Amino acid sequence: MRVLVIGSGGREHALCRSLAADPQVTEVHCAPGNAGIAQVATLHPVTPTDPAAVTALAVELGADLVVVGPEAPLVAGVADAVRQAGLPCFGPSAQAARIEGSKSFAKDVMTAAGVPTARSRTCLTPEETAAALDEFGAPYVVKDDGLAAGKGVVVTGDRDEALRHAAACGRVVVEEFLDGPEVSLFALCDGTTAVPLQPAQDHKRAYDGDEGPNTGGMGAYTPLPWAPEGLTEQVMAETVFPTVTELARRGTPYTGVLYVGLALTSKGPKVIEFNARFGDPETQVVLDRLETPLAGLLLACADGTLGAFGPISYRDGAAVTVVIAAEDYPADPVKGDVIEGLADEVEGAYVLHAGTAFDGDRVVSSGGRVLSVVGTGRDVAAARAAAYELVGRIRLRGSHHRTDIAAQAL
């Protein structure tokens, strides 16, 4: 198989790494990619949100499978254009991708499907927002209705801050706060059926102790030794299958990965959000543990044969990833600094690139989340130790990372 991956972040590096290790895959291409992805794939300077340009590249390459990584190309209709050209594509249509592209649309789908989630109000004016904040009370949860790269959500006890965020966004969804630990579950879908991957936990806040602003994610780990027994089966039955059925009923069958962000509340698992793509950085740890070759699994989703695909298997042990972020992330990340220590080796650990680029023969930072350092081991403690040992060998001026990723699991 010749596979083309669309995107340039840590998630796409994880996808390309897994695809390159798949014996069925003869070539991996990525557009536009980054400095790390260049080690495992051929890069192409194509704008990922340009459906015509992506499709032209896929046709030129004779791609047997196109995998769309980020949400923006999906909402822009890249998967539709690729499929219209007769090529298999892993990723939902623009209509189905509204499950992430519009928080109010996602809530409408959840209501129709009977999915357990937070009570919410879609608000267009400051008056509507103020009324919703008063209805649900603190902590206040305000979400930008559109795409915001994982940073459009404010959870705060400060009512004025909640109102300011809503004013900056325009159309927002105000929700009741869901208590309990958060879990990410990826469900692979082929339009009619779905198969779960291993759950993971992300760490959204910028600083230790879940302090600071929300980010795209500062680290993740899997498996979750504390997760309730039967959690995956419960979420598939109560959330994933009803959602896939409802989208199919609406004439927008869902093909790709449905990311389910959950809060394990005192009243059971409830959906915080849906995303239309693999989560970042959870993908880095989930794919590390996945033993089933990836390409055939994604192709089964793309061509509607997932129901006939065999059981999915995982490697023993655990994986932990720690994100190294640029100075001033997530506010105004500094770019262009040289990254040192990338050649250092630690047993059981490796580096996935996110916001990196080449400056001559040097690798420099080019985004907010610069690297994902993945550690593996027989359990979470061993995987965490390996990850942090390698983090300690990497040098990037002004960078920061959390020191408590997966600490609560211990």
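Which side chains meet in a salt bridge of 3.7 Å, N to O? They are those of Glu340 and Arg395.

## Getting oriented

What you have here is a predicted model, where local features need pLDDT of at least 70, side-chain atom pairs count only at pLDDT 80 or more, and totals for chains, interfaces and linings use all residues. Residues are numbered from 1 along each chain as its sequence is written, and side-chain values use heavy atoms, with hydrogens and water left out.

## Salt bridges

Back to that opening pair. A salt bridge here is a side-chain nitrogen of Lys or Arg within 4 Å of a carboxyl oxygen of Asp or Glu, and by this rule the count comes to 23. Glu340 sits in the loop between strands E18 (318-325) and E19 (349-353), while Arg395 is in the segment after helix H12 (380-391), 55 residues apart. (Helices, H or I with at least four residues, and strands, E with at least two, are DSSP runs numbered from the N terminus.) Glu340 counts as partly exposed at 43% relative accessibility, and so does Arg395 at 45%; buried means under 20% relative accessible area, exposed over 50%, and partly exposed in between, with a 1.4 Å probe and protein chains only.

Asp108 pairs up with Arg250, their closest N and O atoms being 3.0 Å apart. This one links helix H6 (residues 103-113) to the loop between helix H9 (231-249) and E16, across 142 residues. Both Asp108 and Arg250 belong to a salt-bridge network that also takes in Glu246 and Arg249.

## Arg277 and its partners

Arg277 meets Glu71 in a salt bridge of 3.2 Å, N to O. The two are 206 residues apart, with Arg277 in the loop between E17 and H10 and Glu71 in helix H3 (residues 71-75). Arg277 is buried, with a relative accessible area of 9%, and Glu71 is buried too, at 12%.

The charged end of Arg277 also sits over the ring of Tyr259, 6.0 Å from its centre. (The rule asks for NZ of Lys or CZ of Arg within 6 Å of the ring centre and within 35 degrees of the ring normal.) Elsewhere, Arg17 has its charged end over the ring of Tyr350, 3.7 Å from the centre.

## Aromatic rings

The whole structure has 3 aromatic pairs. Rings of Phe, Tyr and Trp (its six-membered ring) pair if their centres lie within 6.5 Å; planes under 30 degrees apart are stacked, over 60 edge-to-face, and the rest tilted. Phe90 and Phe278 are stacked, 5.9 Å centre to centre with 20° between the planes. Phe186 and Phe278 are edge-to-face, at 5.5 Å and 80°. Phe186 lies in strand E10 and Phe278 in the loop between E17 and H10, so this pair ties together parts 92 residues apart in sequence.

Ring pairs join Phe90, Phe186, Tyr259 and Phe278 into a cluster. Phe90 is buried at 2%, Phe278 at 3% and Phe186 at 1%.

## The largest pocket

The largest pocket holds about 980 Å³ of space. On a 1 Å grid over the protein atoms alone, a pocket is an open set of points where a 1.4 Å probe fits, with protein on both sides within 12 Å along at least five of seven lines; lining residues have an atom within 4 Å of a point.

There are 46 lining residues, with Val155, Glu182, Lys204, Asn214 and Ile272 nearest the centre. Strand E16 gives the most, with 4 residues.

Definitions and conventions. Points joined across faces, edges and corners; volume = space filled by probe spheres on them.
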